[in-house]
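This report covers a few local features of one protein model. Please look over the sequence and structure below before reading on.

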Amino acid sequence: MKNIFLCSLFAVCFAVLTFSIGASAAEENLADFHAGMNGCESCHVNEEPSVGGGYEFEQCQSCHGSLAKMNDNHKPHDGMLMCVDCHAVHEVNVGEQPACEACHDDGRVAK
């Protein structure tokens with residue numbers, strides 16, 4: 001009986017901890033989240049944006065993979081867009097999705 005109680009208590013504590021970590025991460029800015037890994041150099045050279053954003057795009061792909069190897073939402077944009085064209089890392093929070101409608105009528109067809 002004691003083991004069942006301890007297992008239940010552990011499960012509840014684990015669930016609360018998981019939920020609280022998820023909630024705080026979702027409120028964290030994407031840039032701050034990435035900077036937590038290795039400072040601003042996680043994405044930038046000398047903490048400054050590169051001309052044209054090419055370096056940052058390479059950094060995104062070094063961790064997340066190329067657009068061509070991602071899901072069906074990303075594949076059609078390979079060779080046409082960079083990650084920051086849709087993911088404004090300094091403006092959105094972790095878990096927020098880009099507004100595809102800004103460029104597409106229904107998320108599939110270009111305006």
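The model is a predicted one.

Helix H3 itself spans residues 54-64, and Glu56, Phe57 and Cys60 are buried in it. These residues lie on the same side of H3, because they cover an arc of only 105° around the axis.

Another buried residue sits in a loop. Asn29 is found between helix H1 (2-26) and helix H2 (30-38). Asn29 counts as buried because its relative accessible area is 16%, and buried means under 20%. Which residues does Asn29 contact, leaving aside its neighbours within four places in sequence? They are Val89, His90, Glu91, Val92, Asn93 and Val94. With His90 there is also a polar contact: the side chain of Asn29 reaches the backbone oxygen of His90 at 3.0 Å.

The cysteines come next. A disulfide is a covalent bond between the sulfur atoms of two cysteines. The count of disulfides in this model is zero, where the rule asks for a pair of cysteine sulfur atoms within 2.5 Å.

| Cysteine | Nearest cysteine sulfur | Distance | Relative accessible area |
|---|---|---|---|
| Cys100 | Cys86 | 6.5 Å | 36% |
| Cys103 | Cys86 | 6.3 Å | 52% |

Cys100 is in no disulfide, because the nearest cysteine sulfur is 6.5 Å away and a disulfide needs the sulfur atoms within 2.5 Å. Cys103 is likewise in no disulfide. Cys100 is partly exposed, whereas Cys103 is exposed.

Conventions:
Residues numbered from 1 in each chain as written. Predicted model: local features only at pLDDT ≥ 70, side-chain atom pairs only at ≥ 80, totals over all residues. Heavy atoms only, no water. Buried < 20%, exposed > 50% of the residue type's maximum accessible area, 1.4 Å probe, protein only. Helix = DSSP H or I, 4+ residues; strand = E, 2+ residues; numbered from the N terminus. Arc of directions from axis to C-beta. Polar contact = N/O pair within 3.5 Å; in protein donor to acceptor, adjacent residues only side chain to side chain. Contact = heavy atoms within 4.5 Å.
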